[in-house]
Amino acid sequence: MRVLATASAGTARLLAEECGDIGLRPRKVRAHGVELDLDWPEIARALIYLRTAQRVLVFLQQFPCGGGNSLYEGAAQVCWADWLDPGQRIAVAASGRLPSKAVRGDSPIRTHVFACQRVKDALCDQLRDATGERPSVDLDDPDVRIVARFSGDACSLWLDPAGAALHRRGYRVESGPAPLRETLAAAIVRASGWHGEQPLRDLLCGSGTVLIEAASAALGLAPGRDRTFAAERWRHRGHELAGQIATERRAAVDAAHAAIAKPKLDVRGLDIDPRVLRLAEANVQRAGLGRHIQLRAGDARHTSAPEPGSVLISNLPYGERLGGDEVTVLYAELGRHWAGFTGCEAHLLVGHDDFAPTFGLRWTDRMALTNGSLPVTLFLYELG
Ligand SMILES: C[S@@+](CC[C@H](N)C(=O)[O-])C[C@H]1O[C@@H](n2cnc3c(N)ncnc32)[C@H](O)[C@@H]1O
């Protein structure tokens, strides 16, 4: 089957490497993700083990799309009864570049919401004509989630066997004010090259996402082992995926018990806000990583220097909450204090244009990424 594992901008190469690590060979690496040819057992493996993929999508159909009518007709070409019956709940999502004014001739698609409705109508009309019943819509917990991806004058339809996006691992029930997506945290940890040998520090750890993703990766804990997937409720084509997911999950849970009991990692987090730190503690416990991650309240502008050889990975405040001046003052103070750290690498994810000049140290590498819709940069500094 043709599969697309989607990645946030800038991380597709990391995702491709990760696919290779779990024995899935990428066919093509694109800006928005990795294309693969997978069978159902490999899809189950991807769902349970991939850390940096946002979604794993299974291809259904592609067609030229100028407007709402051609979208309806294209979506009606799929034999939906192969995949679901009207007693099941569906959700349709749409993304990408909608047909431009020049090509949308028939009936314009001005919004993704309208595009979703046209696909849903084609699906529901087809099943109603065949059975007299229509499936209901459940955006929060669908049995079958359909994704329409647009690229100007074409549309492709995909099934999303996960339902809820893959960053929903299950450990983060609550988070601080600007949490990092688990998948992006996993990508920056992978980009840092940290595998568990050196001490790891996040001195502005918020709800602990970077620490949890780093420790999970170092211990080889499968990120999907504690969650369920929509495909476990599929009844028609692909129904065998439920059993394959269950098999992978069982193996991953057993392996996690053994891995969590391994010698302790040296992973520590600091945050100035004790309230956020309580959330981080709860997340660490839910992730089963209480033995491996230590947290404490403190100020990253005054904390003692990490031991030489430490790797620092942090997602710094961007300024939405602190306000423009306050955040650049924080960057300058961090830069002055961290200039005294010796023999450490710092991987800093920031979304503020003035960060590098105000932090004031010389970066050795950088990577353009996006956090949600926000352009951000991952800077590498060699401290001391
Ligand atoms: C962008 S958030 C980090 C989010 C985190 N990666 C997560 O996923 O939840 C930045 C964090 O920096 C903390 N912070 C701000 N100033 C600090 C300082 N001087 N020392 C330590 N932490 C600080 C804030 O409390 C906040 O939790």
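Ten helices and 15 strands make up the secondary structure of the chain, as seen in this predicted model. The C-alpha trace spans about 70 × 50 × 35 Å along its principal axes. A compact globule of 384 residues would have a radius of gyration near 21 Å, and the chain has 23 Å, so the two agree.

Of the 384 residues in the chain, 46% are buried. Among contacts with a separation of 6 or more, 77% are between residues 24 or more positions apart.

The buried residues of α2 are W40, E42, I43, A44, R45, A46, L47, I48 and Y49. In an α-helix there are 3.6 residues a turn, so residues three or four places apart point the same way. The cover over the buried residues of α2 includes strand β1 (2-6), strand β4 (55-64) and helix α7 (240-260).

The ligand is the next stop. Around the ligand there are 22 residues, of which L204, G206, S207, T209 and A300 come nearest. Helix α6 (209-219) and strand β10 (267-271) each contribute at least two residues to the shell around the ligand. By residue type, the shell holds twelve nonpolar, six polar and four charged residues.

How values were computed
Residues are numbered from 1 along each chain as its sequence is written. This is a predicted model: local features need pLDDT of at least 70, side-chain atom pairs count only at pLDDT 80 or more; totals for chains, interfaces and linings use all residues. Helices (H or I, at least four residues) and strands (E, at least two) are DSSP runs, numbered from the N terminus. The radius of gyration is taken over C-alpha atoms; the globule rule is 2.2 Å times the number of residues to the power 0.38. A residue is buried if 20 or more other C-beta atoms lie within 10 Å of its own, exposed if 12 or fewer, and partly exposed in between; C-beta atoms are placed from the backbone. Two residues are in contact if their C-beta atoms, placed from the backbone, lie within 7 Å. A residue is near a molecule or strand if its C-beta atom, placed from the backbone, lies within 6 Å of it. Ala, Val, Leu, Ile, Met, Phe, Trp, Tyr, Cys and Pro count as nonpolar, Asp, Glu, Lys and Arg as charged, and the others, Gly among them, as polar.
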